[in-house]
Amino acid sequence: MNQFKDFIQNNKAFSITAFNLILLLLIIPFKDPFGFFVKSYDKAKPFFSVSKTDVSQIMVEKITDPKTKQTLTQENGNWKVATADKQTFQADEEKANQLVDSILKAKKFTVVTSSKEKATEYGFGEDGLKVEVFGKDKSSLGFLLIGSVSPKGSNTHVKWKDGNDIYLVEDNLKSVAGRGDGKYFINKKVVPTDIDMEVIEQVVLSYAKSDADGYIVLKDKGNWVMQKPKTGNIAKDDMNIVLPRLTGLNADDVVTDKAELDDLKTENNFQLQFSYKSKLGAPKEIKLACIGTDKDGSHYYIQKDGDNTVYKLSDYKLKSVLEFKPEFKKEKEGEKKEEDN
């Protein structure tokens, strides 16, 4: 012990250096200034070290079924989606952005196994998905293979490119990638999401048969008024039912096989038009036309003016609009005289 003390006293510079080195080694595991010891998922390295603006395209498909392939492409800030047979549609912006955000947040943290033989056990069989990301120059930035999801749906098993390591990602990537549905990213919102019932100013519903009962015009004049086929103020409760139905029209499906349109019934065709104001106050309108129904009349096939996409909507979603017969608002005593003046 005395020899150790003598050594320290005779070699003070060395002793100080050694002490500082030991202190540094103790600090590194706790402070981790160089990132040598990653102790949380948030601090782990992402699979894709790029920002969202660097992503120009993203491809999703089932590993074992090329017919499910969807290619999302960003153009001027908006997403379009091409199906496996090269048809192009407007993409669901919310779904497309959620996919990109989730993929870019996925981190290399927990390796469950590196056994190639266990790939099927972790969902990399016929239900596995492939998600490939492309940069601004359309070059591939790499791809993730997506396997099974944890029982609670909060974690997903993934593989990076063709590696054998199976990671556990803290997100349900299977869900945001559409679970292999080849139409998942096609926009099924018939009416844009930025239109709500408060901005609608006029509704016109007309049937192919030009009888008086088949032509309805409703206009907002501070309160809603029917102008055709009869005239009168409409009860607010009735409009509160039909307007959300109009603004929330979402298709059950989008037609990708045109042969589906060959045998449509056209007896109950109609046109639906409504005017509204944009966020900047500019007048706009949407025109929807029914091009037919299926054989049992349970689904309507709808097209928007200027759009080749054919939307398939259930009878239930349109019934309250097509059968709209509003109650006229009862005038209170004195209202009629006031209007006449």
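Ala, Val, Leu, Ile, Met, Phe, Trp, Tyr, Cys and Pro count as nonpolar, Asp, Glu, Lys and Arg as charged, and the others, Gly among them, as polar. On that basis, the lining of the second largest cavity has three nonpolar, three polar and one charged residues. The structure is a predicted model.

**Second largest cavity**

- The volume of the second largest cavity is about 30 Å³.
- Its lining consists of Phe-89, Gln-90, Ile-186, Asn-187, Asp-307, Thr-309 and Tyr-311.

**Largest cavity**

- Two cavities of 30 Å³ or more turn up when the whole structure is searched.
- The largest cavity holds about 80 Å³ of space.
- Around the largest cavity lie Val-203, Leu-205, Ile-216, Leu-218, Met-239, Val-242, Leu-243, Leu-246, Leu-272, Val-321 and Phe-324.
- This lining has eleven nonpolar residues, with no polar and no charged ones.
- Strand 12 (200–207), strand 13 (215–220) and helix 5 each contribute at least two residues to the lining of the largest cavity.
- Helix 5 contributes the most to that lining, with four residues.

**Helix 5 against helix 6**

- Helix 5 spans residues 236–247 and helix 6 spans residues 315–322; the two pack at an angle of about 135 degrees, with their axes 9 Å apart.
- That angle makes helix 5 oblique to helix 6.
- The crossing of helix 5 past helix 6 is left-handed.
- On the helix 5 side the contact involves Val-242, Arg-245 and Leu-246, and on the helix 6 side Tyr-316, Lys-317, Ser-320 and Val-321.
- By class, the residues of this contact are four nonpolar, one polar and two charged.
- Val-242, Leu-246 and Val-321 take part in the helix contact, and these residues also line the largest cavity.

**Largest pocket**

- The largest pocket contains about 630 Å³ of space.
- Its lining has 28 residues, of which Val-191, Pro-192, Thr-193, Asp-194 and Lys-304 are the closest to the centre of the pocket.
- Helix 3 (93–105), strand 17 (270–277) and strand 18 (283–293) each provide at least two residues of the pocket lining.
- Strand 18 provides the most, with four residues.
- The pocket lining divides into nine nonpolar, five polar and 14 charged residues, whereas the lining of the largest cavity has no charged residues.

Notes:
Residues are numbered from 1 along each chain as its sequence is written. This is a predicted model: local features need pLDDT of at least 70, side-chain atom pairs count only at pLDDT 80 or more; totals for chains, interfaces and linings use all residues. Side-chain values use heavy atoms; hydrogens and water are left out. Axes are lines fitted to C-alpha atoms, for helices over the stretch in contact, and angles run from 0 to 180 degrees between N-to-C directions. Angles under 35 degrees count as roughly parallel, over 145 as roughly antiparallel, 65 to 115 as roughly perpendicular and the rest as oblique. A crossing is left-handed if the near helix is turned anticlockwise from the far one by less than a right angle, and right-handed if clockwise. Contact means heavy atoms within 4.5 Å. On a 1 Å grid over the protein atoms alone, a cavity is a set of points where a 1.4 Å probe fits but cannot get out, and a pocket is an open set with protein on both sides within 12 Å along at least five of seven lines; lining residues have an atom within 4 Å of a point. Grid points are joined across faces, edges and corners, and a volume is the space filled by probe spheres set on the points.
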